Amino acid sequence: MAQRRAVWLAAQCTVAAIFVLTLVPQTAQLSLLPALAAPGLPPAPAPLPAAAPRPALSAGADLQGHAARLAALPGAADIIPATAAPAVPPSAWPPAKDQPPARSLAWGRHWAWQALCALAWLWAAVYLAGLARALWRLWRGHYLWRALLASAARLDDVALQAHGGFGPAQLAAIRRGALAVVETAAPVSPVLLGVLRPTLLLPRHLRHFDPVQQQMIVEHELTHWRRHDPAWLAASAVLRTLCWFDPALRWLAARLAMAQELGCDRRVLAGRPQQQRQQYAAALVRQLRAQALPAAAMAFGGEDGHSIAARVRLMRQPVPTALGRRAGCALAGLFGAVLAAGALLQPVLATPQTAVTPAMPAAAAVQPAWRYPLERMRVTAFFGVLRGPLQAHHGIDLTAARGTPVHAVAAGTVVAAGPLAERDGQYGTAVIVDHGGLRTLYAHLQQVAVQPGQQVTAGQTIGASGASGKATGPHLHLEVLRGEQRIDPQTMLAGLDQLATPRALRIRQQQLGH
């Protein structure tokens, strides 16, 4: 099997194909296994029905009395959780406690995901550094060989006829293919340089070999040329450079180079008597002693002692051994099974197109009509918590630097865009979008990108965050309204607990009990 170039080419192509599969996004529909969930993004809870929002807490109202009145309404048990309002006055609220275990677990997963993202960026930096080093080594080797080639003297037709290594068959092949032949005084091994238009580089000390040995050595290099071995080795070098971290590709590349040498030896020695086989082996050992520089992968005799021993064993065989149909079918089945396993596992390990990204963890996947208004969500205040003496928060606050794009959570019609005079101008510059029964208000914007009456789609940019109105700093204030009633945005946007700060979760737990 070591003599078969196709085996090692197929093995390298299989490894490269599996590597490419990990970089191609695909849907989980192609997978026979369930997709792996991201550690920092637990499955988001299903959003509550839109028909059952939490009642609004009017500003300045007594929270305990308001909760008692709501509890007396028909169907209140289906709308308001039993812990929606405190059962004792604010003065009797218990002191702050530790975050509940579920919240701690969610926050721990969030930081675990951040750590994984940091490791991914670190690996990207390491890969680029290693790729730069591999490219530099590839360029340096190419530069050294090209410099050696530039210092060599080209042999014209007269010089080739006078050279002992070129018989009538070799001269005819060189003339047909217009192969350039150069000679150098450096004690290197005969080698083909170049991919598209190779050049045969011969050492000057080759003239001291027996003429039969010279002709067999030259025929060895011409066999590489006829088989297009330089192109295959160049492709192998590209794969080895791109996947510099994969030791399997380096090992397979060495086996490919060895298979090409053995294959050329087999063709050169085919039909030759045992005496010429011995002369060929002696030339191989003599060339190894003569060369001082490491030869290229295709150089005659450019291997270590183990490679030479393998080539000498092949020369002693009068009839080359065949791989066999069964062995070929077994290898093809093995490579096919490895490739199929990579294809089946790829949607499990890679990021599918329908997967949830860290910037938008769960809303778009659970309920596409209600996506997040920001690409990076971080909740700093929940709906219903006190913002002052008996003044409840009518929406949710999200961290956003100035100029951060704000997106519509769903398709609808813009009913207001610009400075709002409502509530003494506390909203500042805002946008209100009517979604048909529900409206969303985006407050404290720096600027707006839509006009009243304009139709918007889910995810469309409607403005940029800022600190207009009564705001202590740049952020986004989001409200959801049904008529004049404000409802909790968390009933329409799932997974906000996993995106909240510990302080926001703690305050909500202290004041609202959930």
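Guide: A residue is called buried when its relative accessible area is under 20%, exposed when that area is over 50%, and partly exposed in between. The model under discussion is a predicted one. Trp251, with a relative accessible area of 48%, is therefore partly exposed.

A pair of aromatic rings is described by the distance of the centres and the angle of the planes.

A second pair, Trp123 with Tyr127, is tilted, with 6.1 Å from centre to centre and 50° between the planes. Both residues lie in helix H4 (residues 101-150), where they are 4 residues apart, about one turn of the helix. Trp123 is partly exposed because its relative accessible area is 42%, whereas Tyr127, at 17%, is buried. Together with Trp244 and Phe245, Trp123 and Tyr127 form one aromatic cluster.

Helix H1 also contains Gln12. With a relative accessible area of 2%, Gln12 is buried. The side chain of Gln12 is joined to that of Ser236 by a polar contact of 2.9 Å. Once neighbours within four places in sequence are left aside, the residues in contact with Gln12 are Ser236, Leu239, Leu249, Leu252, Ala253 and Leu256.

One further ring has a charged partner. The charged end of Arg508 sits over the ring of Phe382, at 4.2 Å from the ring centre.

In soluble globular proteins, nonpolar side chains tend to be buried together. The largest nonpolar core here has 33 residues, of which Val431, Tyr442, Ile462 and Leu496 touch the most other members. Two or more residues of this core come from each of strand S8 (396-399), strand S11 (429-434), strand S12 (439-448), strand S15 (475-482) and helix H15 (502-512). S15 gives the largest share, 3 residues. Another core, of 17 residues, lies apart from this one and includes Leu155, Leu160, Val181 and Ala283.

Conventions: Residues numbered from 1 in each chain as written. Predicted model: local features only at pLDDT ≥ 70, side-chain atom pairs only at ≥ 80, totals over all residues. Heavy atoms only, no water. Buried < 20%, exposed > 50% of the residue type's maximum accessible area, 1.4 Å probe, protein only. Phe/Tyr/Trp six-rings, centres within 6.5 Å; stacked < 30°, edge-to-face > 60°. Lys NZ or Arg CZ within 6 Å of the ring centre and 35° of its normal. Polar contact = N/O pair within 3.5 Å; in protein donor to acceptor, adjacent residues only side chain to side chain. Contact = heavy atoms within 4.5 Å. Core = buried A, V, L, I, M, F, W, Y, C linked by side-chain atoms within 4.5 Å.
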